[in-house]
Amino acid sequence: MATLGLGAYGYGIRYEFGIFNQKIVDGWQVEEADDWLRYGNPWEKARPEYMLPVHFYGRVEHTPDGVKWVDTQAGGAHLEKQALVQTKLFFFFERVVVLAMPYDTPVPGYKNNTVNTMRLWSAKAPNDFNLEEFNVGDYIQAVLDRNLAENISRVLYPNDNFFEGKELRLKQEYFVVAATLQDIIRRFKSSKFGCRDPVRTCFETFPDKVAIQLNDTHPALAIPELMRILVDVEKMDWDKAWEITKRTCAYTNHTVLPEALERWPVSMFEKLLPRHLEIIFEINQKHLDHVAALFPGDIDRLRRMSVVEEGDCKRINMAHLCVIGSHAINGVARIHSEIVKNSVFKDFYELEPEKFQNKTNGITPRRWLLLCNPGLSDVIVERIGEDFITDLSQLKKLLDFVNDEAFIRDVAKVKQENKLKFSAYLEEQYKVKINPSSLFDVHVKRIHEYKRQLLNCLHIITLYNRIRKDPKKSYVPRTVMIGGKAAPGYHMAKMIIKLITSIGDVINNDPYIGDRLKVIFLENYRVSLAEKVIPAADLSEQISTAGTEASGTGNMKFMLNGALTIGTMDGANVEMAEEAGEKNLFIFGMRVEDVEAMDKKGYSAKEYYDRIPELRQVIDQISSGFFSPNDPGCFRDVVNMLMYHD
């Protein structure tokens, strides 16, 4: 946005600990805390002058002058204070204040004198934290308890495409939203925008001046929080506030996997954010009244479209809240945006089709070409100049050089240099010798069943068996590199890492194979490692089951760096195939329609196992302990999943 000259602020949390560092020990993933601030961060500037309070817990009072979200001990009543202190529960029921301290990082555009700001919030306890008059006796404990408040910005939840309903996570979500909205409104009120008031009180023009883009459902609380500010604090009537809120907010959906959707227990909401729960109930009631008027008697539709999910544990469906409270909703690749309309939010699309759009994801060519691959950048600049750096469509000019021997030679030479450089890095880091003239087959992304690193494993073992069976035959030497982190609590993903490392142990030490096939697990995959491996890749693996990967962006990074793609018709692979011509990608596997048809018909892995001898051999090897001789039953969960629960 900075490079396009668009004014924007990126808001988030300044986590003390980011995504864990991954160590591989005996072939297993082990997590290590990433204390990234240990040596200081020269790019950030603390802005204590903009520090803001954020409230939690408390209770709601309905008074003649409107609704108030207040302390549980109203009017300084101290009757139950002694009891609460003794049970050590008072922290959880009093309305607690946490301070949000902003840290600003400049985000410069590319050579255009534009700098936007990323503002990240850090949690601070107020100086009087837990030092109320009844608690003075335990000054030391009160100071130590400041950590309770400051834990809010301590650590990033490392789950990918999985919702885990933890209270600390809900606190983080409200923390970033409450601080950000106060900041936005402060800035709106102090900017004149042609307004005559010394302090702006009229919110009429708010949606014309402010756009809030909800990046997934994690900041969904912005919708009830903005309503709370407009109705309770600014004393606006509900319908006007709702119109302003809807015109201000827009929502980007990032996943269709049901296990990833945020569904918070009402009981947790009620304790932590009682006023927001009331507002959500009110939003939902008005929404359901509207639906009922359009579809009289369709009770099932009301159930499907409600923000509140009834059942053993009542839950708040944050995606439904986002759809109702936004004027625009988008998916992140064409196929994903279609699935959003036809399946995930089908009922909502029927209600308001004009809200739904597509915005296919993109990547920045500054980092993912210029910075990480200067060799290739120079070759391109030599032919078509520098304008493509801020307008990637200009790469089309390279079509004039498809048959230019010198250009083809230069591109191939750069790729070979990148492979030599990465080979040296691997040798230094992991003490593995690899053949730099082998095909670099690269599969790097978070470890997840839907991303199908297991499918890659089955292919690797098949290649291995073919070489063993006919070692005299000529094979293109291949180095398969797989990398990515597994969520710490995701058992199957961790088993998949162990399987990859175990396959590598067997294949890499088999003298029959030599350097015709090598398997490397790239430890601690992260942006800085991506910047090294992507320019060296020959083959990019983008093999998710069709209809599961919303977009993917690694696919684009590899293509921009001259790798060929093997992949399914999923996510942005679809548009990439359209741009490059399907004949220039290795597209395989079922399409979304085929997957849906198979879901209806039923899937039997055993059928394939019985029919395909090469596949049966692979499954039997994994199952029998061929790759885990010291623990033959090691991969029984993996085989059981593949055969009976896939």
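View 1. At 6% relative accessibility, A546 counts as buried, because buried means under 20% relative accessible area, exposed means over 50%, and partly exposed lies in between (1.4 Å probe, protein chains only). The model shown here is predicted, so local features need pLDDT of at least 70 and side-chain atom pairs count only at pLDDT 80 or more, while totals for chains, interfaces and linings use all residues. Residues are numbered from 1 along each chain as its sequence is written, and side-chain values use heavy atoms, with hydrogens and water left out. You will find A546 in the loop between strand 20 (539-542) and helix 21 (554-560). Here helices (H or I, at least four residues) and strands (E, at least two) are DSSP runs, numbered from the N terminus. Leaving aside neighbours within four places in sequence, A546 is in contact with M569, D570, M590, R591, V592 and V595; contact means heavy atoms within 4.5 Å. A546 and T568 lie 22 residues apart in sequence, and their C-alpha atoms are 6.3 Å apart in space.

**View 2. Helix 23 has a buried face.** Which residues of helix 23 are buried? In this helix (residues 592-601), they are V592, V595 and M598. Seen down the axis of helix 23, these buried residues fall within an arc of 125°, so they line one face of the helix. The arc is that of the directions from the helix axis to the C-beta atoms. Helix 13 and helix 24 (605-611) are included in what covers the buried residues.

View 3. Helix 23 is followed by G602, which has a positive phi near 100°. Y603 sits in the loop between helix 23 and helix 24. Is Y603 buried, partly exposed or exposed? With a relative accessible area of 40%, Y603 is partly exposed. Not counting residues up to four places away in sequence, Y603 touches M598, Y608 and D646. Y603 and H645 are 42 residues apart along the chain, with 9.6 Å between their C-alpha atoms.

View 4. Three bridges link strand 15 (residues 329-331) with strand 16 in the parallel sense, and G331 has N358 in strand 16 as its bridge partner.

**View 5. F206 belongs to the largest nonpolar core.** A nonpolar core is a set of buried Ala, Val, Leu, Ile, Met, Phe, Trp, Tyr and Cys residues joined through side-chain atoms within 4.5 Å. The largest one has 76 residues, and those with the most contacts inside it are F56, F175, F206, F269 and I316. Helix 5 (residues 167-190) gives the most to this core, with eleven residues. Leaving aside its neighbours within four places in sequence, F206 is in contact with I184, I185, F188, L226, I244 and T248. Another core, of 41 residues, lies apart from the largest one, and L458, Y464, V519 and I622 are among its members.

**View 6. Two hairpins each join a pair of antiparallel strands.** Strand 2 (residues 21-25) and strand 3 (residues 28-32) run antiparallel and are joined by five bridges. Within this pair, N21 stands opposite E32. Two residues separate the strands of the hairpin, and D26 in the turn has a positive phi of about 55°. Strand 6 (residues 59-63) and strand 7 (residues 66-70) also run antiparallel, with five bridges joining them. Here T63 stands opposite G66, and the hairpin connects strand 6 to strand 7 through two residues.

Technical notes:
Pairing = 2+ DSSP bridges.
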